[in-house]
Each structure stands twice: as structure tokens, then as C-alpha cells.
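This briefing covers the structure shown below.

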Amino acid sequence: MADTLDKLPKGIHGLTHDWSSDQTAFKKVPWGKAMMWIFLLSDTFIFSCFLISLMTARASTTAEWPNASEVFGLSVFGTSVPLLLIAIMTFVLISSSGTMAIAVKYGYEKNRKLCALFLLLTAIGGATFVGMQAFEWTKLIVHEGIRPWANPFGAAQFGSFFFMVTGFHGTHVSIGVIFLLIMARKTWRGDFDTGQRGFFTSMKSNYEAIEIMGLYWHFVDLVWVFIFAFFYLW
Amino acid sequence: MAQEKQQEVKTHKLGVYMWIWGLLFVFSFFSYMVDYLNFEGLLRWTLIVFFMFSKAALIMAIFMHLFWERWAIVNVLLWPMSFILVFIGIMVAESEYTFFTRLFYFIVET
């Protein structure tokens, strides 16, 4: 092996070539990136299980399913706008995904300062998202009286699925924000240029770590796309 | 910054990401409009699913760089997801059965 990527066959021929080479299936893919992808695949199944059970509960209940458009409406100057907060949250998360993509680009160009800046912007976007989610939860629990076992709008299952699905996603965002802040600090300090060893793994790292971080963050955004569609819009 | 020295990884133009970012905004806005304009029935579900998969495809292909990855890893990631479709199929059948039994016994017992 150890030849450049351009010399290797591509497409379906490349697939059989890589898998039959008996050494490294994922050519030039850092192990961390491959592992992150495998983790994200398993996480995909976890979120799929949540959303599929949401479908099952909603399709099998004889009670009326609450109208998300009304439950999550926000009144602005006396008029009720449906799903306003959720729409803003969606745009904030997409924007943080955009800044993350740009941070990865600057990382690979070894542009230390811009990379750290965009990582920080991404973290701020994520923290804003979690903040708005906390606001939404407070509103629903305190003012609307939604509980995991019952709610005033209809089918009792609604509450448990809302807290489970958005809570699990919010946890992912929160963990992402923590790691984004750590990575931003490491990048700003120049750990990836000087080869300083990490405080936890004691291993040298490089800007590939930014892309691996990016994969996780884009995945969190990806999951929100599906939650937005199936929980809020459907 | 012109740093093309020991560059093994190729990076993409900033414009690519800005375009995708813009498209994601547009798709999100349209899917919000589906709710805002109160589209109902088949039209609503078709539009929601269309915008959802468009956004997911853009994020995975461009932001997560899958478009530029080798097929060996792309196939490992995408094929297992087809099991989700199988699971959805099973649970649709299951939920219809549960719904039927609930209707049946609730009526019998009242």
C-alpha cells in the first residue's frame, strides 16, 4: 500500500480493492475519523429507535395527538406565531453547523486563529440552542402543565416522547459545546502545531481532530433535522 | 494565506460551504412555511420528507465530506441504515394491529 490516493481504483472497483487488500480497509482515513463515523452510525440507530417508537405510539393511540403547531406556538405582541421558537432554534443550529464547516476548512489550512475563532462561534451557537431549549422546557412544564405521564392537550404519550427525544438531543448538544470549547482552547494555544500532548489521552494530535469534532457536530444538526420534521412538523 | 507547502489534505473553497449554508436556510424556511401555511394531508407529508432528506443529504455530502470520501467507508456507513427502513415497516404493521385491538376492546368493554 502506501501509494497516493490518485493511483488507487475508484468507485465500486475501489470498494472491492480496499476491502480485499487485507491490511487497511479505509485508505488514508485517520483511525479517529473512522471510529467517530462508526459511533455516529450507532447513534443513528439510537435516535431511529426513539423516532420509530414515536411513530408507533402516535399511530396506535386512540386519543387525539396534540397539535404541535399550537403547543409550541409563541405569542408575539398578542398574536400567536406557530413554532416560532423552534424555527429560530433550527436556524441557530444550522448556522453553528456552517461555522463548524468553516472551522474545519481553516483547520486543514493550518490557520490557527481563524479556526479557533470559528470553533468558538460554533460553541456559542450550540450554547444558544441549549439555552432556548431550556426556555422551551420551562414554558411547557411550568405554564402549559405538560408532564411525561399526562398533558392537557391530548394523548398522554406526547409528554414522555417530547422530553425523551428533545432531552437526548439536548444532551448531545451540551456535550458537543463542552468539547468545542476544549478544542477551541487547544487550537488557540497551538497544540496542533507544536504537537503538545493532550491532557487526557497524552497523545499528540493534529488538525484532523477538528474534522472529527466537526463530524459529531454536524451529526447533532442532522438529528435535529429529523426531530424537527417528525416531532414538530408532522 | 497561501500555505500550499506540505499540504496532503485538499480543502475546498469557502464559497462551497456558504452555498450549502444558504441552501439549508432556504430548505428550513420552506419546511417551516409548510406548517405556517397549514398545508394538510399528502402534500404536507411529501414536502416535509422532501425538505428533510434534502437537508440531510446536503449536510452529509458536503459538511461531513462524504462526497469526497472513498466508497469503502461511504458504503459501510450508508448500507446499515437500510435496516431502519425494515424496522419502520415492522413497526407500522405492529402499530396498526395495536390500534385495531385497542379500538376493538375499548368498544367491547364499554
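α4(A) passes α1(B) in a right-handed crossing. The model is predicted. The two helix axes come within 10 Å and cross at roughly 170 degrees. That angle is over 145, so α4(A) and α1(B) are roughly antiparallel to each other.

**The α4(A)–α1(B) contact**

- α4(A) brings A:A87, A:T90, A:F91, A:I94, A:G98, A:A101, A:I102 and A:K105 to the contact.
- α1(B) answers with B:L14, B:Y17, B:W21, B:L24, B:F25, B:S28 and B:Y32.
- By class, this contact holds 11 nonpolar, three polar and one charged residues.

**The interface of chains A and B**

- Across the interface, 44 residues of chain B are in contact with 46 residues of chain A.
- On the chain B side, α1, α2, α3 and α4 (82-109) each give two or more residues.
- The largest share of that side comes from α4(B), with 12 residues.
- The side of chain B that touches chain A has 30 nonpolar, eight polar and six charged residues.

**The largest nonpolar core**

- The largest nonpolar core has 64 residues.
- Within this core, A:A103, A:L119 and A:F228 touch the most other members.
- Leaving aside residues up to four places away in sequence, A:L119 touches A:A103, A:L180, A:M183, A:A184 and A:T187.

**Chain A as a whole**

- Chain A has eight helices and two strands.
- Read from the N terminus, its elements run α-α-α-β-β-α-α-α-α-α.
- Its C-alpha atoms fill a box of roughly 65 × 40 × 30 Å along the principal axes.
- Of the 234 residues in chain A, 32% are buried.
- Among chain A contacts with a separation of 6 or more, 67% join residues 24 or more positions apart.

Methods: Residues numbered from 1 in each chain as written. Chains lettered and ligands numbered in written order. Predicted model: local features only at pLDDT ≥ 70, side-chain atom pairs only at ≥ 80, totals over all residues. Core = buried A, V, L, I, M, F, W, Y, C linked by C-beta atoms within 7 Å. Buried ≥ 20, exposed ≤ 12 C-beta atoms within 10 Å, placed from the backbone. Contact = placed C-beta atoms within 7 Å. Helix = DSSP H or I, 4+ residues; strand = E, 2+ residues; numbered from the N terminus. Axes fitted to C-alpha atoms, helices over the stretch in contact; angles between N-to-C directions. Parallel < 35°, antiparallel > 145°, perpendicular 65-115°, else oblique. Left-handed = near helix turned anticlockwise from the far one by under 90°. Nonpolar A, V, L, I, M, F, W, Y, C, P; charged D, E, K, R; others polar.
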